[in-house]
Amino acid sequence: MTQTAPGTVPAPVPLERVTHWIDGKAFAGVTERTAPVYDPALGTVRTEVPLASVDEVDQAVASAAAAFASWRNSSLTKRTQVLFAFRELVNQHKQELAELITAEHGKVVSDALGEVTRGLEVVEFACGIPHLLKGGYSEGVSTNVDVYSIRQPVGVCAVISPFNFPVMVPMWFVPIAIAAGNAVVLKPSEKDPSASLLVARLWEQAGLPAGVFNVVHGDKVAVDRLLEHPEVKAVSFVGSTPIARYVYETGTRNGKRVQALGGAKNHMVVLPDADLDLAADAAVNAGFGSAGERCMAISALVVVEPVADDLVARIRERIAGLKIGDGRRSCDMGPLVTREHRDRVASYLDAGVEAGAELVVDGRKVQVDGDESGFWLGPSLLDRVSPEMSVYTDEIFGPVLSVVRVGSYDEALKLVNSNPYGNGTAIFTNDGGAARRYQNEVEVGMVGVNVPIPVPMAYYSFGGWKDSLFGDSHAHGAEGVHFFTRGKVVTSRWLDPSHGGINLGFPENV
Ligand code: NAD
């Protein structure tokens, strides 16, 4: 790998010791266990994160449970005032949040800003909570009897998030949970924990009472305690499929409602009539943005012949124009999150070639605008990949795009539907009928038509099918509000004082 001389880099975000956030205060923790947090563009340890013990998780849950008792009765007016204030504060601190994300995740600052903006959409959605919580009312279902429905908070909710969106993914859940009257314990990824603390401070400044939002850092010990703690009533998890399955099975066995969003292998199908320049742009943006570390990244490019040679040539040309380097400089793509992850992703290039794929672009040879110790791997393109190769079957979660050539739409559809994952997919075509057929026939939760990363807006719900989601509820939108509330139906009779009498029969409406 070639390195250029380091250019001018803005000063790194000042180091702050990572702490938990419990009961409205930073809490350093008392356990000895810690994990290193890297700056992936420099390849150095930036800081350390404490890994919570069972006792420390219990403290956070106790604080949340105590705060829930009064927060659940706070007026909708009070809650929306806090949410609107929080929205303003996140907007004001957007750049700071983005720089923190870049310092620990590695994605370029403009991409990190986009992540914060997409998270803010959910805050804005949650600002409408008075409308979202409106129930139904039926007057006079029987003589003097009215029936109405209300939705109430569930209690203490745990949110367990992955490294790839340290601000946006928690925001898929936390604002809605809080708006609905719940208290939250967030367990962020230990790889990029710092942004969650700034977010905690912003909640505090917005006027959220202490204990309604808590952050505990940790690993399996913390997650397991949250999954078994009797006071935790709901768990929202996002991460890889094996852990999502484990969280779902363990959490539900312990009587909690669980939504566990898992991994992905997203296919982009290109039909021969597609605009190939548009498709090439989309494949590069969705394959290599955030170094392919997005759950909605395009990983498999399924091209219906005879246009594969042409499309591969256009993608190769675009890759050559990408600038890879430190996310604090004006680059297109940053490093991968850790050295181990970079090495694992790079190993798929050899595995692909050994299995018979053609390595069109080898990201290991990329020229980098950044420190030579960073966790670099440039955009890589494998052609003539077939479905039994590990580069196709595994979720790689890095900047590796695999081209699978097929002979027909039916073959493409069969391939996508045979895959165990079903998070996102896209079809590129100028044929409205084909696109309509695809949206109907494909077994995937989020579909793009000439849109490569079809992440739904906050007022719709985000979630995949099959091994990409365990549980019944997708994130945010109406399903999010439903997940964070319990329905209650009240049947009330206000009797005329002269009315009454004994009747042991099952109530009939008259
Ligand atoms: P991960 O599964 O390693 O970690 C996710 C969370 O689980 C972290 O908080 C981590 O500390 C915790 N965890 C890890 N191992 C655990 C264990 N053995 N027991 C209990 N908890 C454990 O995922 P990651 O590497 O942080 O994130 C990348 C993955 O997340 C990819 O698979 C990606 O597709 C997926 N993802 C999915 C979505 C989606 O919406 N479906 C969104 C973002 C990321």
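Good morning. Helices H2 and H7 are oblique to each other, a term for angles that are not under 35 degrees (roughly parallel), over 145 (roughly antiparallel) or 65 to 115 (roughly perpendicular). This is a predicted model, in which local features need pLDDT of at least 70 and side-chain atom pairs count only at pLDDT 80 or more, while totals for chains, interfaces and linings use all residues. Residues are numbered from 1 along each chain as its sequence is written.

The axes of H2 (residues 76–92) and H7 (residues 194–205) cross at roughly 135 degrees and come within 8 Å. Phe-86, Leu-89 and Val-90 of H2 meet Leu-202, Trp-203 and Gln-205 of H7; contact requires C-beta atoms, placed from the backbone, within 7 Å. By class, the residues of this contact are five nonpolar, one polar and no charged.

I turn now to the domains. The domain assignment gives domain 1 (20–262 + 468–489) and domain 2 (266–449). Their centres, taken over C-alpha atoms, are separated by 31 Å. Across the boundary, 18 residues of domain 1 are in contact with 27 residues of domain 2. On the domain 1 side, helix H3 (94–105) and helix H4 (109–126) are the elements giving two or more residues.

Finally, where does Ser-53 lie? Ser-53 sits in the loop between strand E5 (44–50) and helix H1 (54–71). Beyond its neighbours within four places in sequence, Ser-53 is in contact with Thr-31 and Val-221. Thank you.

Methods:
Helix = DSSP H or I, 4+ residues; strand = E, 2+ residues; numbered from the N terminus. Contact = placed C-beta atoms within 7 Å. Domains from an automatic or database assignment. Axes fitted to C-alpha atoms, helices over the stretch in contact; angles between N-to-C directions. Nonpolar A, V, L, I, M, F, W, Y, C, P; charged D, E, K, R; others polar.
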